Amino acid sequence: MSRLASGVVLVTAREASLDPDDPTAPLGEDVGMTATAFLSVSLDPPLVLVSLREGSRMDDLLDEQPLWAVSVLSESQRHIAGRFAMKGRLSDRLLFEDIPYARGAKSDAPLVGGALATLECRTEQRVPAGDHTLVIGRVLTARVPSTEGGPLTYFRGRYRQLG
């Protein structure tokens, strides 16, 4: 499968507060994950699919939190893809620290500034598939915030640019 080129996206979600009824409780944390297994499923209704490693933080979060977002990364955002693909990281809060983003109006999840496209989604279905979970989401919003640059791609185990 390393011979199949794919686009690179950042999947994000906002963890719920530990105690939503207590205004002094810590707020939930933003969580992000680089994904290369992301695709359009349907135009009517608008559905997309992302494949998550079973038991990963994002898999666990999206099992509880139905709202999430996707930022389609541009070729100049390789550093973002690499940062959120790291294994064994301690805190996503630090990973978002110097990345420009806006909060999604529907999902409250981070949408990366300069991304080629952004989507906000609501989980419609979760399908166990081997050691992964296929999460199918209904697209709630879709925007094209930047038309500059080409897409970041992944091929033969490395991030690449088209052309």
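What follows is a short chat about the predicted model shown above.

Me: What kind of model is this, and how are residues numbered?
Reply: It is a predicted model, in which local features need pLDDT of at least 70, side-chain atom pairs count only at pLDDT 80 or more, and totals for chains, interfaces and linings use all residues. Residues are numbered from 1 along each chain as its sequence is written, and side-chain values use heavy atoms, with hydrogens and water left out.

Me: Start with strand 9. Which residues, and how does it pair with strand 6?
Reply: Strand 9 covers residues 117–129 and pairs with strand 6 (residues 67–72) in the antiparallel sense, over six bridges. Strands here are DSSP runs of E, at least two residues, and helices are runs of H or I, at least four residues, numbered from the N terminus. Two strands pair if DSSP finds at least two bridges between them.

Me: And how many bridges join strand 9 to strand 10?
Reply: Eleven, and strand 9 and strand 10 (residues 132–143) run antiparallel. They form a hairpin with two residues between them. Gly130, in the turn, has a positive phi of about 60°.

Me: Where is Thr118, and is it buried or exposed?
Reply: Thr118 is found in strand 9. It is buried, with a relative accessible area of 7%. Buried means under 20% relative accessible area, exposed over 50%, and partly exposed in between (1.4 Å probe, protein chains only).

Me: What are the bridge partners of Thr118?
Reply: Thr118 is the bridge partner of Ser71, and in strand 10 the partner of Thr118 is Arg143. Leaving aside neighbours within four places in sequence, Thr118 is also in contact with other residues, among them Val70, Leu111 and Pro145. Contact means heavy atoms within 4.5 Å.

Me: Different topic. Which residues of helix 1 are buried?
Reply: In helix 1 (residues 57–64), Met58, Asp59, Leu61 and Leu62 are buried. They sit on the same side of helix 1 because they cover an arc of only 165° around the axis. The arc is that of the directions from the helix axis to the C-beta atoms.

Me: What is on the face turned away?
Reply: Asp63 and Glu64, which are exposed.

Me: What do the buried residues of helix 1 pack against?
Reply: Strand 2 (9–14), strand 3 (30–35), strand 5 (46–53), strand 6, strand 9 and strand 10.

Me: What is the volume of the largest pocket?
Reply: About 940 Å³. Of its 33 lining residues, the closest to the centre are Met33, Thr34, Ala35, Thr36 and His132. On a 1 Å grid over the protein atoms alone, a pocket is an open set of points where a 1.4 Å probe fits, with protein on both sides within 12 Å along at least five of seven lines, and lining residues have an atom within 4 Å of a point. The volume is the space filled by probe spheres set on the points, which are joined across faces, edges and corners.

Me: Which strand gives the largest share of that lining?
Reply: Strand 3, with five residues.

Me: Last one: what is the strand order in the open sheet of three strands?
Reply: The order is 1-11-12, with antiparallel pairing. Strand 1 (6–7) and strand 12 (158–161) stand at the edges, each with a single partner strand, so one side of each is left without a neighbour in the sheet. Strand 11 and strand 12 pair over four bridges, and Phe155 stands opposite Arg158 in strand 12.
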